[in-house]
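Okay, thanks for coming, everyone.

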Amino acid sequence: ENCLISGNNNTINNGINNSTVIGEYGRGIRQGEFVVGGGANGGRNTDNIPQFSVVQLSVNTTDNTAAFLTVNGVANEYINLQNNSILGFEAFITRLETGGSSSSIGNFSYRHMKGVVRVQNNYGTSITTFNSRIIGKDGSNGTVSVGDVDTGTLSFRVTGANNVNNSWSAVVYLHELKTNAIIA
C-alpha cells in the first residue's frame, strides 16, 4: 500500500507499505523506506548491487528501561537486513523531554552516530560503531547503542530516565552492498 516505484528492475517486498524506490535494481525491504538503487553497472553485474536508503525511526520512553526505536513508530518493525551484505549507517538521533514528574520539559539531546554492519549468510552480524557524538543538549543525554533486535533485524536501543517522558526520533541513512557471494 502507498508505494511508488520508478526506474528499472526495482522491487518492493510483499507486505512493505509507504515506501519509494527509484533508480535501478533498488529493493524496498523496510516499511516507509526511501531507496535509491545504485544500478548494476548497466545490468552487467547483478551479483553485487549497491543501494542507498533513508529510514525514519521513533519510540517513546517513560523510565530507564531500554527500548528499540521502530521504523515509522510501528510496533515490531525494525531495520531489516539483507544476508551477505555490508550495511554502512549514519544516524541522527533526537531525544526530547515531554513530561513526567522528574522531567524538565524541553530538555533535549541530539546525537550523530556512524558505523558499519557485516551481515553473514545466516544473518549473523558484526557491528562496528565508528563514531558517536553529542552535537547538542540541554539536560541529560540518555544513552543510545546499535544492536540486533532479532535474527535479520537491527535498530538503535535507547534508554532515558525514570519518571521522564522522552520522545526519541532518528533519521538513518543506509548504504548497502549485497552480494550473491557467501559471507561466512
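One term before we start: I'll call a residue buried if its relative accessible area is under 20%, exposed if that is over 50%, and partly exposed in between, using a 1.4 Å probe and protein chains only. So Arg95, at 1% relative accessibility, counts as buried.

What you see is a predicted model, so local features need pLDDT of at least 70 and side-chain atom pairs count only at pLDDT 80 or more, while totals for chains, interfaces and linings use all residues. Residues are numbered from 1 along each chain as its sequence is written, and side-chain values use heavy atoms, with hydrogens and water left out.

Side chains of opposite charge can pair when their charged atoms come close. Here the cut-off is a side-chain nitrogen of Lys or Arg within 4 Å of a carboxyl oxygen of Asp or Glu. How many turn up in the whole structure? The search finds 3.

Back to Arg95: its partner is Glu97, with the closest N and O atoms 3.1 Å apart. Glu97 is buried too, because its relative accessible area is 6%.

Next, Arg30. Its side chain meets that of Glu33 in a salt bridge, 2.4 Å from N to O. Arg30 also forms a salt bridge with Glu176, and there the closest N and O atoms are 3.0 Å apart. When I say strand, I mean a DSSP run of E, at least two residues, numbered from the N terminus. Put together, Arg30, Glu33 and Glu176 make a network of salt bridges.

Why do we call Arg30 buried? Because its relative accessibility is 0%. Glu33 is buried as well, and Glu176 counts as buried because its relative accessible area is 1%.

Then there's Ser19, in the loop between strand S2 (11-12) and strand S3 (20-24). Leaving out residues up to four places away in sequence, Ser19 touches several others, including Arg30 and Glu33; contact means heavy atoms within 4.5 Å. Ser19 is buried, since its relative accessible area is 0%.

Last one: Asn83, in the loop between strand S9 (79-80) and strand S10 (85-99). With a relative accessible area of 16%, Asn83 is therefore buried. Beyond four places in sequence, its contacts include Tyr123 and Lys178.

Notes
Helices (H or I, at least four residues) and strands (E, at least two) are DSSP runs, numbered from the N terminus.
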